[in-house]
Amino acid sequence: MNKKTILLAEDDESVRLVTTKSLQDEGYKVESAETLKTLWMLIEEGKGNILISDVMMPDGELFDILPQITELRPELPVIVISAKNNLETAISAAQKGAYEYLPKPFDLEELNQLIRKALLRRDSNKDSNLIGVRNNQLIIGRSSVMQDLYKSVARLSQNDLTVMIYGESGTGKELVAKALHEYSSRSSYPFIALNMAAIPKELIESELFGHEKGAFTGAYQKSEGKFKHAEKGTLFLDEIGDMPIDAQTRLLRVLQEGEFSSVGGNEKIKTDTRIIAATNKDLNRLINQGSFREDLYYRLNVVPINIPPLRERKEDIPELINHFFIEALRSGLSEKKIHPDGYGVLKNYDWPGNVRELKNFILMISALYPEDMIDSESIRKEINKLNNNALEIKKSNLYFSDIINNYFSDNINKLLEENDGEVHNYIVSIIERALISQTLNTNGGNQLKAAESLGLNRNTLRKKIIDLNIDLQSNKKNK
């Protein structure tokens, strides 16, 4: 059988390997290269209570006949195993009707447990765990934690449940949201993403629900919001922890009632949109602080997905690097490779910025290093720069901590009296004012450059300058 595997569980205790030879010994007339034909013959005859099969066969792929198998034998659980252990295989297995997908290599005890579970459920409705295949691979990685993520994405793409994605900055939360949409029944409709942290708080409701002409200053014409744009598709609410409390209340009402009204409007608008949210914050802590609604949390946190940080899946780094080198090549940069010794250096770094930081690193060395093969010493030099930057950030954090501690110790009574219930906002405003003033000063008072440095929208920066009463004249002296 060319080392390919077809196993049939005959009962709850035994699993036998089915080969063309074993079938010939039983009186079947089959050829060694007719694997799929042999398998189909067994299925038609009602053999076995569970099927465990490799994807690739000498005469084709299991996926070629898997839909027919599940149609003919809907009670037969099919476990797919494959060495091509990426998101596409997991997706394809489910869309074709597999019960479960196991990437190679796998633990035999894990397979045994899965067989027992499948046999116990074989008389119940088929549980399709995974989803379909696409040509473009959205998510990279073959580590065990990524396999778990693939299975979660595959299962959740088969329904419209609300999903909350948790993960540190740079782990790829939007990529996971896109995959959930891309492999779902809504894929032919829009995927709309909205980052709560990138929009001025006073404009978030308008961005979400749209507004009527004259609803507020600057509303010169009617505008449709993201809910309308994402109709029948998926609305991805990134950095949901930064959503203002008023907007949270309106979002909760939409989730409860399935309808909304635009800002300044009275008409109720029905919506058919799947919601996927994401955050890098501890929402339970925000709930305790009173800045996030507990009832909204339970509405959004129907199914949580956790994306592992890169430091927990360092075995995926070589594959990610190769992928980013290809991206660099497509961007017009010359083809590059890293000397094998350099991979060890890269794996020793913890990548606090996760996959996004690794991507930026690869693009940077592709642009700055002329040689085709980048040696380990060059890699080590650049990693040392990243370590030094991380150390400076840590020092800055400690510096701000000292400032806050000193301020509290000197002014605690006055601070609490004058800012009862607003201590957090007050301290943040002090730090924000210092940060924005220094950034403006460094950029000679140029607001556009300062906004780019801070990663803020220019209008957001301008509003903060007004709200924080920052003196622009003092920041123009170095211009």
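This is a predicted model: local features need pLDDT of at least 70, side-chain atom pairs count only at pLDDT 80 or more; totals for chains, interfaces and linings use all residues.
Colleague: How many bridges join strand β8 to strand β13?

Modeller: Strand β8 covers residues 163–166 and strand β13 covers residues 274–279, and the two run parallel. The number of bridges joining β8 to β13 is 4.

Colleague: Now the aromatic rings. Are the rings of Phe 191 and Phe 236 stacked or tilted?

Modeller: A search of the whole structure finds 7 aromatic pairs. In the pair of Phe 191 and Phe 236, the ring centres are 6.1 Å apart and the planes are at 20 degrees. Planes under 30 degrees apart count as stacked. Therefore the pair of Phe 191 and Phe 236 is stacked.

Colleague: How many residues apart are Phe 191 and Phe 236?

Modeller: Phe 191 is in strand β9 (residues 191–195), while Phe 236 is in strand β10 (residues 234–238). The pair links distant parts of the chain, the two being 45 residues apart.

Colleague: What about Phe 209 and Phe 260: are their rings stacked or tilted?

Modeller: Phe 209 lies in helix α8 and Phe 260 in strand β11 (residues 259–260), 51 residues apart. Their ring centres are 5.7 Å apart, with planes at 40 degrees. Stacked needs under 30 degrees and edge-to-face over 60, so the pair of Phe 209 and Phe 260 is tilted.

Colleague: Is Phe 209 buried or exposed?

Modeller: Phe 209 forms one aromatic cluster with Phe 227 and Phe 260. Its relative accessibility is 3%, and the cut-off for buried is under 20%. Phe 209 therefore counts as buried.

Colleague: Last one: which residues does Ser 206 touch, leaving out those up to four places away in sequence?

Modeller: Ser 206 is in helix α8 (residues 204–209). With 10% relative accessibility, Ser 206 counts as buried. Its contacts are His 211, Phe 216, Gly 225 and Val 263.

Methods: Residues are numbered from 1 along each chain as its sequence is written. Side-chain values use heavy atoms; hydrogens and water are left out. Buried means under 20% relative accessible area, exposed over 50%, partly exposed in between (1.4 Å probe, protein chains only). Contact means heavy atoms within 4.5 Å. Rings of Phe, Tyr and Trp (its six-membered ring) pair if their centres lie within 6.5 Å; planes under 30 degrees apart count as stacked, over 60 as edge-to-face and the rest as tilted. Two strands pair if DSSP finds at least two bridges between them.
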